[in-house]
Amino acid sequence: MTGRVYELDGHRIEVSKPGKVLFPQSGITKGDLADYYARIAEVALPYWRDRPLTMQRFPDGIGKEGFFQKNIPEYFPDWVRRSEMPKEDGTVRYVLVNNCATFAYLADQGMVTPHIGLSRVDRPNHPDRMVFDLDPPGKDFGKVQVAARRFREILDERGLRSFVQTTGSRGLHVILPLDRSRNFDEVREIARQLAGRLAERYPGELTTEQRKAKRGDRVYLDTGRNAYGQTHVAPYGVRALDDAPVATPVEWDEALSGAMRAGKYGIKNIFRRLGAKEDPWATIDDEPLDAASLVR
């Protein structure tokens, strides 16, 4: 089985076994995945650049057990950027996706889903994103939309800009751009306070209860990603689910529409969307906020 070659950023990336099926039910191949990441790279790069990457790899396809990998393998080529960052018992040497060629190379390595940090590596303890993961009971996306609408209301009351993306799985992520004036401990506590206030306002619909058995049929407002070393699925990252759905930045009105669902967009239809829509996150970094303004 011959390989597939990409020429990107002056680098030649050969994807081996492009006909290998990675998504058994839909027949999506390794070549399809590589084509997607090579093509989406220019759109996604601003959101991935300079962020530590955790790779979720499925070299034998999503029907087999995959694994998460933080440390960059020694055999990765020198042109793939990396950054060494501290952890509790040592350091981690992360991949940085800082050029389009790296997208295609990672697809060749069987990376299906990219998970990125909430800070950039130049100031690793000062996040420039706050993320709320709206996790539904079961697969009820309608409840997620109600939670997202409540979230937007409380943010609009404070005159705060917010952004939203489908997760490609079950829920939505609400994203707030931060000015990096607060460290992770501060941001995590502020996120908890804001989620707590929202759950108190709508106790029948929303909860911050970590134990699933106590959530009932309420949407869980997960703030756990707002901590050092934690991640969220990268914008335009593929999920390891049938039909290869994609985590997609969307407009708020889209996110709340009756036609929306968490896995609406995938590698088969995302480019039709991008050809018809402006980038809904184009201004995400224009007016970053001080996280403390969320709970004043």
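R201 sits partly exposed, with a relative accessible area of 39%. In this predicted model, R201 forms a salt bridge with E157, and the closest N and O atoms are 3.0 Å apart.

**Salt bridges**

- The count for the structure comes to 24 salt bridges, and the E157–R201 pair is one of them.
- Some bridges share partners, and in this way R182, E186, D290 and R296 are joined into one network.
- R12 and E14 also pair up through their side chains, at 3.9 Å from N to O.
- How open are the two partners, R12 and E14? R12 counts as exposed, at 56% relative accessibility, while E14 counts as partly exposed at 45%.
- D89 and K87 make another salt bridge, with their closest N and O atoms 3.7 Å apart.
- In that pair, D89 has 65% relative accessibility and so counts as exposed, whereas K87 has 40% and counts as partly exposed.

- Strand 1 (residues 4-8) and strand 2 (residues 11-15) run antiparallel and are joined by five bridges.
- For a landmark when you look at the pairing, find R4, which stands opposite V15 in strand 2.
- The two strands form a hairpin with two residues between them. One thing to look for in the turn is D9, with a positive phi of about 55 degrees.

**The cavity**

- Rolling a probe the size of a water molecule over the atoms shows where empty space is left.
- How many cavities of 30 Å³ or more does the structure hold? There's one, and the volume of the largest cavity is about 70 Å³.
- Which residues line the largest cavity? The lining is made up of Y47, R51, I116, G117, L118, R129, I175, H232, P235 and W281.
- Sorted by class, that lining has six nonpolar residues, two polar ones and two charged ones.
- Both domains contribute to the lining of the largest cavity: at least three residues come from each of domain 1 (4-117) and domain 2 (123-264 + 276-291).

**Positive phi angles in loops**

- R180 is a residue other than glycine with a positive phi, near 65 degrees.
- You'll find R180 in the loop between strand 12 (172-177) and helix 4. R180 is buried or exposed? With a relative accessible area of 19%, R180 is buried, which follows because buried means under 20%.
- Y236 isn't a glycine either, yet has a positive phi of about 70 degrees.
- Where is Y236 found? Look in the loop between strand 15 (231-233) and strand 16 (249-250).
- Y236 is buried too, with a relative accessible area of 0%.

Notes. Residues numbered from 1 in each chain as written. Predicted model: local features only at pLDDT ≥ 70, side-chain atom pairs only at ≥ 80, totals over all residues. Heavy atoms only, no water. Salt bridge = Lys/Arg side-chain N within 4 Å of Asp/Glu carboxyl O. Buried < 20%, exposed > 50% of the residue type's maximum accessible area, 1.4 Å probe, protein only. Pairing = 2+ DSSP bridges. Helix = DSSP H or I, 4+ residues; strand = E, 2+ residues; numbered from the N terminus. 1 Å grid on protein atoms, 1.4 Å probe; cavity = no way out; pocket = protein on both sides within 12 Å on 5 of 7 lines; lining within 4 Å. Points joined across faces, edges and corners; volume = space filled by probe spheres on them. Nonpolar A, V, L, I, M, F, W, Y, C, P; charged D, E, K, R; others polar. Domains from an automatic or database assignment.
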